[in-house]
Amino acid sequence: MKTLERPRRTSGGRGLFTSFHPGSHYVSTIDEVRALVDVVITQGSFAFDVETVGVLSHHPDLTEQVDQQVKTHVEALTSTSDAITDRARENKEQAMTKTIALDPKRNEVIWVGIATNGYSWAIPVGHPCGEVLVPEEVGNGSTIPPTGHRKILKSGDESLAKARYHIPAVFADPPAQLSRAEVFEALKPIFFDHSLVKVGHNVKFDARTIAKYYGELPVGPLHDTMLVQHALDENISSFRLTSLISTNFGEHNPYSKHGKVGANISTTPFSIACNYVHLDARWTWMLYQKLIRGLTNPLRQVVEQDVRVLEVLMDMEDIGMQVDSKGLASLGEELDSKMTDVHSEITAITYPGFNPDSVKDKRLFLFSAKRDGGLGLKPNKETEKGQASVDHDSLRAMEHKHPIIPLFLNWAEYKKMKSTYVDGLLEKTNKGRLHPNFHLHRTSTGRLSSSDPNLQNVPRDSSIRGLFKADDNSLLIVADYDQIELRIMAMFSKDENMMEIFTKGIDIHTGAASLLFDKPVAEITKDERQLGKSANFLTAYGGGASKLSATSGVTLTKAREIINQYYEQFDGLSLWKHKVVMQAKKDGYVTTISGRRRRLPDINSNKDDLRSRAERQAVNAIVQGSASDICKKAMIKVHPKVRSFGGKLLVQVHDELVVNVPDNDRVDYYSGIIKEEMGHGKDLNNVPIVVSSQSGYTWSEAK
DNA sequence: GCGATCACGCACG
DNA sequence: CACGTACGTGATCCTA
């Protein structure tokens, strides 16, 4: 095996007739691509990385969005001019271009970086510029701008006032480059070979990006440095490649000598970009090697599981979920008109210019003394920083005190719907579909998270979920675990009463209420069941009497009684929780069913609040993390089954899976398969697993 | 007037 | 003293 070459200093060519070669990593001919493919195949695994740009003119729908953004931006300004509008447009266009570059469905590749043992390469396929001919010039306002960059006075003359200016660099033309089509064709053998391990840093992005040029997703196994790092340490603030390199390679700054790419790779000189690209791939490769060497069981199995989930998630992201854009738009208009009404009512009661989105305005109006123009109300609770809270709970508690308060509540509800779910989702639709990002490394418990958009927090209220639709000739099936977290607690603790409730198939909240109030299950009232439910939640989260009294409305004394009774009735559970905390204090971490760890640095802290928090987290991490393990295992099993009958896994919401299936007479069969693969009818050490499912043409019908 | 960051509130499990 | 997330908005500080 060849040892790693030292990265070569690039020549940084200047002038028109420089025939530079950015180094041995630079791949400029198709034969070189073929040669690197041969090398990669002999190595069995490789890291890859793509650099992408967004081209706004390719996306008329987004150009329209920019127009809209500029319009609303300018409308909000106090004064306007052509120059301000132009600058606003430039900013919005730049921002949109950046978003496109990060959207695998819309971006374009301009570089491919590939690395394996002893090698790294950079393949340009559309870098827009060559070397710098004339450097950029930035005036910070302390000088008179050069002619041509000065303000034009009303007289038509150039202003000689000192002012800021920016003259972009002038670049030479870029060298001739291979086309995307021929490069990806030549690289096909390495991206579609099941025997080659393909490694990336956030590999779903790179794989989905290049999928455009193949018409299908690259095949696994796909490995990800982020996953490995997360299994080794979930308490990491930044998972950026540079951060992970400096922590894993002793503060070494991999890019220091070789020029840093600015915010935008497409305005970076060719040779510097070339260096950066091969180094990125190389460092991804080296980081991966280093991290997996540090992986021992059970963390190795954790990563193996997540890698399989990752491939499922990539498919889910790429398929996306259909939404009714027109429905969203008309819901938006509905909300707008409601908001207009509420807003004018609010203004009538308060004053012109009152901003119902401003916590400060609301606080001042509600709580300042009457002589100061306020209502003189007494705050219900404080925020973390000690200010009077104006959140939903506080307002509800004083709802009857003044007619403005229900208006505030209505405003907040409509505003949230409009901005987050109507506008927020609309601007992310692509050909009528939403393609979320699912992350395996952003939670400390091992749960998934979703972003851009987050499809895991779509309101259950049917107004929004009703606009998420099955494909044509399809149905949605939603299958969810019944009380998975409490079942996991029963499994771990082997608490007799809890086991009995589950094995007998009794509703767990009713069962808990029955034990709390010493009454037969049949006689439990709705209120009593609600208390049982609150108490059950309390154990999973580790809350105390004050929280119980706050969430259920009983007195503090009553809450204490209930908690004591709960611990007595579920003594096995209490004992288990105690053991968990002891174990966590000894080891510094807790472990889930699949072997994932949550490290708790504060578990032995001298500070009571920190330590108590860590103790609650210890218990909760096992429960939440194990539930997540079960759902991940289910996804791995469900995915191929569902595909085999033409279905698509669309979304995971922690304990539920949303699946699109063909709308035919076999729907019951499909749900049966899904439930079976999720483990319905099986058990966790004698605690039965129950999965229920529903189907419908929209997400709300299938809830 | 702009971007980055914090505070707050709130949608979900 | 309830666990885990994502994200929109306003307020504030910073900088050109």
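1. Ala, Val, Leu, Ile, Met, Phe, Trp, Tyr, Cys and Pro are counted here as nonpolar, Asp, Glu, Lys and Arg as charged, and the others, Gly among them, as polar. On that basis the lining of the largest cavity comprises five nonpolar, three polar and two charged residues.

2. This is a predicted model, in which local features need pLDDT of at least 70 and side-chain atom pairs pLDDT 80 or more, whereas totals for chains, interfaces and linings use all residues. Residues are numbered from 1 along each chain as its sequence is written, and side-chain values use heavy atoms, with hydrogens and water left out.

3. DNA strand C is surrounded by 32 residues (a heavy atom within 4 Å), the closest being Arg164, Asp452, Tyr541, Lys547 and Gln617. By class, these 32 comprise three nonpolar, 18 polar and 11 charged residues.

4. Sugar or phosphate accounts for 77% of the atoms of DNA strand C within 4 Å of the protein, and bases for the rest. An N or O atom in the side chain of asparagine 454 is 2.9 Å from a sugar or linking oxygen of DNA strand C.

5. What is the volume of the largest cavity? The value is about 70 Å³. A cavity is a set of points on a 1 Å grid over the protein atoms alone where a 1.4 Å probe fits but cannot get out; lining residues have an atom within 4 Å of a point. Residues lining the largest cavity include Asn202, Asp224, Phe438 and His441.

Definitions and conventions
Chains lettered and ligands numbered in written order. Polar contact = N/O pair within 3.5 Å; in protein donor to acceptor, adjacent residues only side chain to side chain. 1 Å grid on protein atoms, 1.4 Å probe; cavity = no way out; pocket = protein on both sides within 12 Å on 5 of 7 lines; lining within 4 Å. Points joined across faces, edges and corners; volume = space filled by probe spheres on them.
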